[in-house]
Amino acid sequence: MREIDTLIIGGGQAGLSTGYYLQQSGIPCLIVDANERVGDSWRNRYDSLKLFTPRKYSAMPPIEMNGNPWGYPDKEEMADYLELYSKALELPMLMNTHVQSVVHRQGQFIAETSQGLIAANRLVVASGPFQRPYIPDFAHKLSSRVKQLHTSEYLNPGDMPAGRLVIVGGGNSGGQIAYECASTHKVVLSASKAINYLPYKVLGRSLFWWYERIGLLRKGPETRLGSKLKNKQDPLYGYELKKAIADGKLSLAPRAVDAEENAILFEDGSRMDTEGVLWATGFRPDYNWLQVAGAKNSSGELLHEKGVSPVVGLYYVGLPWQTCRGSALIGWVAQDASRIRDAIVGQFKNEASVGAGSNKSRSADVSAGA
Ligand SMILES: Cc1cc2nc3c(=O)[nH]c(=O)nc-3n(C[C@H](O)[C@H](O)[C@H](O)COP(=O)(O)OP(=O)(O)OC[C@H]3O[C@@H](n4cnc5c(N)ncnc54)[C@H](O)[C@@H]3O)c2cc1C
């Protein structure tokens, strides 16, 4: 069995950033990831994906992204940046390693992985917010003649059958995909709420520059601004989709509520016969593999205070709204990662002082690692 002080599950932005800060503090850690290459969670997303955050805010300390800081990276650039980040900082990565379960035994976290068992004194879960594609139950009422894909499976318009296409979900992915499919398909975009369009720039400056100036993405949900932001649907950046709708290149429908044979039925009683449905309906968390007593409530939701679990030694980075909206965004994840590093260092020191008194071997290892 491999042993390490801190095991980080997930080598996306959240896991890499945590690994960097732990390394800086001399805490031995290992980052495991199921993917073959660092950055694959971006490479596997749809081909035309352009980030909504400019390069300046699509990077993590201490490495900036090359190129115009106010331009927008595509998914390959983002994936390559993360790979370069892990290599340049020589982060301890173990790829092709799927964590199947984690249990807590005698103060250690034991991970059963596709590469064998790993035991750790501490565990950071950074497995990402996009785990289980969510598709509404009524999808099964559609006939097999209607091709259905979730955004996690979609790469480009060629994946959808010719003719009519209903895209369900008016968030960023649904909006971008509806826009690109409108040049090849007759598209109806079903959005449950009015789409909130925002410009890329205000008074000549990136909107994200303004966000940073007022600290918007760093505000916690307990603040007035933070709670407003949390309760609002994410905006769509840019007016391309709005213009395409105004020009009649695609149309909008309200919330999709049911399905029948070849048709999607909408909240206002209208319906649309279609050849294909693209579900841009998001994801749900899946922590079934985390079998640690006290880590979840009776509904299976993670228990934590700003990423620190009530189970000693268990931490999270990258959860949506872990501390603020920025928690699940590239340019802001570092602040949570460094906070979790501080909590781990605190726990380390605590153990070291208790260990010095009681001569516990585990604490002696820990202080030697630090
Ligand atoms: C379409 C789309 C566009 C986005 N655009 C932007 C944007 O413009 N700007 C921005 O800041 N954010 C954007 N985001 C949000 C966010 O930055 C990304 O989702 C980001 O990938 C989240 O990083 P993460 O490290 O938390 O999770 P992920 O990138 O998902 O990384 C988690 C890693 O954990 C691994 N993993 C999971 N479970 C296990 C397991 N059991 N065993 C081993 N490994 C495991 C996965 O293989 C994966 O590599 C976007 C998200 C989506 C879906």
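Asp234 and Arg325 form a salt bridge, with their closest N and O atoms 2.9 Å apart. A salt bridge here is a side-chain nitrogen of Lys or Arg within 4 Å of a carboxyl oxygen of Asp or Glu. Side chains of opposite charge can pair when their charged atoms come close.

Before going on, a word about what you are looking at. This is a predicted model, in which local features need pLDDT of at least 70 and side-chain atom pairs count only at pLDDT 80 or more, while totals for chains, interfaces and linings use all residues. Residues are numbered from 1 along each chain as its sequence is written, and side-chain values use heavy atoms, leaving out hydrogens and water.

Let us step back to the domains. The domain assignment, which is automatic or comes from a database, gives domain 1 (2–131 + 285–358) and domain 2 (134–196 + 233–279). Their centres, taken over C-alpha atoms, are separated by 33 Å. Domain 1 brings 10 residues to the contact and domain 2 brings 11, where contact means heavy atoms within 4.5 Å.

How much area do domain 1 and domain 2 bury between them? The figure is about 800 Å², with 44% of it on carbon and sulfur atoms; buried area is the accessible area (1.4 Å probe) that two parts lose on being put together, summed over both. On the side of domain 1, Tyr46, Asp47 and Phe52 lose the most area to domain 2, together 66% of what that side buries.

The interface also has its polar side. Across it, the rule finds one salt bridge, and six residue pairs, both at pLDDT 80 or more, are in polar contact. A polar contact is a pair of N or O atoms within 3.5 Å; within protein, one must be able to donate a hydrogen and the other to accept it, and residues adjacent in sequence count only if both atoms are side-chain atoms. The residues of domain 1 that touch domain 2 divide into three nonpolar, two polar and five charged. In this sorting, Ala, Val, Leu, Ile, Met, Phe, Trp, Tyr, Cys and Pro count as nonpolar, Asp, Glu, Lys and Arg as charged, and the others, Gly among them, as polar.

Now back to the salt bridges, whose count comes to 19. One of them joins the side chains of Arg55 and Glu77 at 2.6 Å, N to O. Arg55 lies in the loop between helix H2 (40–43) and helix H3 (75–88) and Glu77 in helix H3, so the pair ties together parts 22 residues apart in sequence. Helices (H or I, at least four residues) and strands (E, at least two) are DSSP runs, numbered from the N terminus. Arg55 is buried at 14% relative accessible area, whereas Glu77 is partly exposed at 24%. Buried means under 20% relative accessible area, exposed over 50% and partly exposed in between (1.4 Å probe, protein chains only).

Helix H3 also holds Glu83 and Lys87, four residues apart and separated by about one helical turn. Their side chains meet in a salt bridge at 3.9 Å, N to O. Both belong to a network of salt bridges that links Arg37, Asp40, Arg43, Asp80, Glu83 and Lys87.

Finally, visit Gln335 in helix H8 (residues 333–358). Gln335 is buried, with a relative accessible area of 18%, and touches Arg218, Thr323 and Cys324, not counting residues up to four places away in sequence.
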